[in-house]
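Please view the sequence and structure below before reading on.

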Amino acid sequence: MKLKTLTLALAILASASARAEVSGDWYDYTVTGQPERPYIHDYRQKMLMKFYMSDPDRAGRSTNIYMTYEQALENIKAIDRISRGIPKIVYLVGWQFNGHDDRYPDFDVMNEALKRPCDATALDSYRWLREEAAKYNTTVSVHLLVGDAYTNAPSWDEYVAKGYICRDENGRLMTPGVLQGYPMYWVNLYNEWRGGDLQQRLDDVVDMLDIADAGTIHFDAFLPNPSPWHGVTREMQESTMRKVLRYMRDKGIDVTAELFCYNGRDPMIGLQPAAWWNDMPAWLRAKVGPELATGGVSGALSTDKWPEVGFLFGDNAQAEDTFHLGLGWDSFIREFATQTLPCMLFNSRRLESYDPEAKRVTYSGGLVADAKAMTLTEGDRLLRRAGDLLIPTTWTPQPELMAYSEHGYQSHTWQLPPDWAALSKVKAYPLGPDGAGKPETIPVKNGSITLSMAPNTLLSIRQ
């Protein structure tokens, strides 16, 4: 028995030593222009989305359901049909306890109300969804917060006792406010890492949800909140955050986060591959290629979007509100066409120059985004004017164009790409959640086609 106890103690010490060796140093991406280690996913050519599945019903101490696992799969199928099979990552929001942001810092209980009737547990349904979603070019993972804590969490008293909750100069627990009826508090990630509980918390959720199989996870509000009472500075918290990113990458998992630069945070370029809100300013977007850092909609938060920056450098449709707010498929199609479609094209090219005064970005191959004129051109060929566009896909196995009009138009002539010019005709398929509709044959004249489109219409143009 003594030998077993000694062996276990040595194993714990060895594990703690290995964890302590994870570096928290700043990564200088300018030396190589590449990530510190290759990312598990190529985020340049993937659509990143969240599915808001549930949130707590505080009054009834239960849960509000917006999307079950079965419904999630049906939405994934429809998105795959609309997008012509674009590679996708979907992060599930509200999969734990009674839903969105409930009972952090704990991650070990799933919301059973989301499961399929035929499954014994929500974990069974989660695994079923991931397996089925892969058939539709979709990786499923989860959204969580490592930096927040609530008083109704099972581990709340333990976290307070261990010094894992941030305190101000006077020793008061630090809270940014109330969310869904409960005050939220900031976790002292530095102290939790030193105690080994942060690593264990991550280990447990990774093992429970097989996150290594997905190769990606999303950390919301991943921020360096200081804890003056404990002598923990913002820089110490940032160092811990870099350790977390490397620790997860050691497990074969990329960590995407809500933001890059918010409130002066180290954007961790080369460690964090993508953000939900791409809050890198335009000058930094021009310097940092999408192979290093890319992501969702341009702006600091949902209340601070930067449409001009998105037009120049690309946005990636988030799709979360389509389902959570019940905006419908028209909303998704508009997002996908005006944000993700040009973003994928930008991300397939090399950024050659950015002129902030002219509000113009030039990419390789003569691709020019002009925010003043609201145009996208390639040489003499117009690809986009405001909400009307004809853009090549970058992910389909065969050459394909997508046409979209936000407000509709009559008899507009579009010049086709040079390698399409010799065609005598093309086929235009209307796209919707049920897939491609009956095609219309469009004659090609002098390397161009003439289209008339109803508002918010998306077409797949094929040879």
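## A buried glutamine

Leaving aside its neighbours within four places in sequence, with which residues is Gln-45 in contact? In this predicted model, the partners of Gln-45 beyond that stretch are Pro-87, Met-344, Asn-347, Ser-348 and Thr-394. Gln-45 itself is placed in the loop between α1 (2–20) and β1 (47–52).

The relative accessibility of Gln-45 is 17%, and because buried means under 20%, this residue counts as buried. A polar atom of the Gln-45 side chain lies 2.8 Å from the backbone oxygen of Met-344.

Helix α2 (residues 69–82) and helix α12 (residues 329–347) have axes that come within 11 Å and cross at roughly 45°. The two helices are therefore oblique to each other, and their crossing is right-handed.

On the α2 side, Asn-75, Ala-78, Ile-79 and Ile-82 take part, and they meet Trp-329, Phe-332, Ile-333 and Phe-336 in α12. By class, this contact has 7 nonpolar residues, 1 polar residue and no charged ones.

## Backbone features in the loops

Most residues other than glycine have a negative phi, and most peptide bonds are trans. The loop between β4 (88–93) and α3 (122–133) holds Pro-105, and the peptide bond from Tyr-104 to Pro-105 is cis, with omega near 15°. Asp-101 is also placed in the loop between β4 and α3; its phi is positive, near 60°, and the residue is buried, with a relative accessible area of 5%.

Ala-221 has a positive phi as well, near 45°. Ala-221 lies in the loop between β9 (216–219) and α8 (234–250) and is partly exposed, with a relative accessible area of 22%.

How values were computed:
Residues numbered from 1 in each chain as written. Predicted model: local features only at pLDDT ≥ 70, side-chain atom pairs only at ≥ 80, totals over all residues. Heavy atoms only, no water. Axes fitted to C-alpha atoms, helices over the stretch in contact; angles between N-to-C directions. Helix = DSSP H or I, 4+ residues; strand = E, 2+ residues; numbered from the N terminus. Parallel < 35°, antiparallel > 145°, perpendicular 65-115°, else oblique. Left-handed = near helix turned anticlockwise from the far one by under 90°. Contact = heavy atoms within 4.5 Å. Nonpolar A, V, L, I, M, F, W, Y, C, P; charged D, E, K, R; others polar. Buried < 20%, exposed > 50% of the residue type's maximum accessible area, 1.4 Å probe, protein only. Polar contact = N/O pair within 3.5 Å; in protein donor to acceptor, adjacent residues only side chain to side chain.
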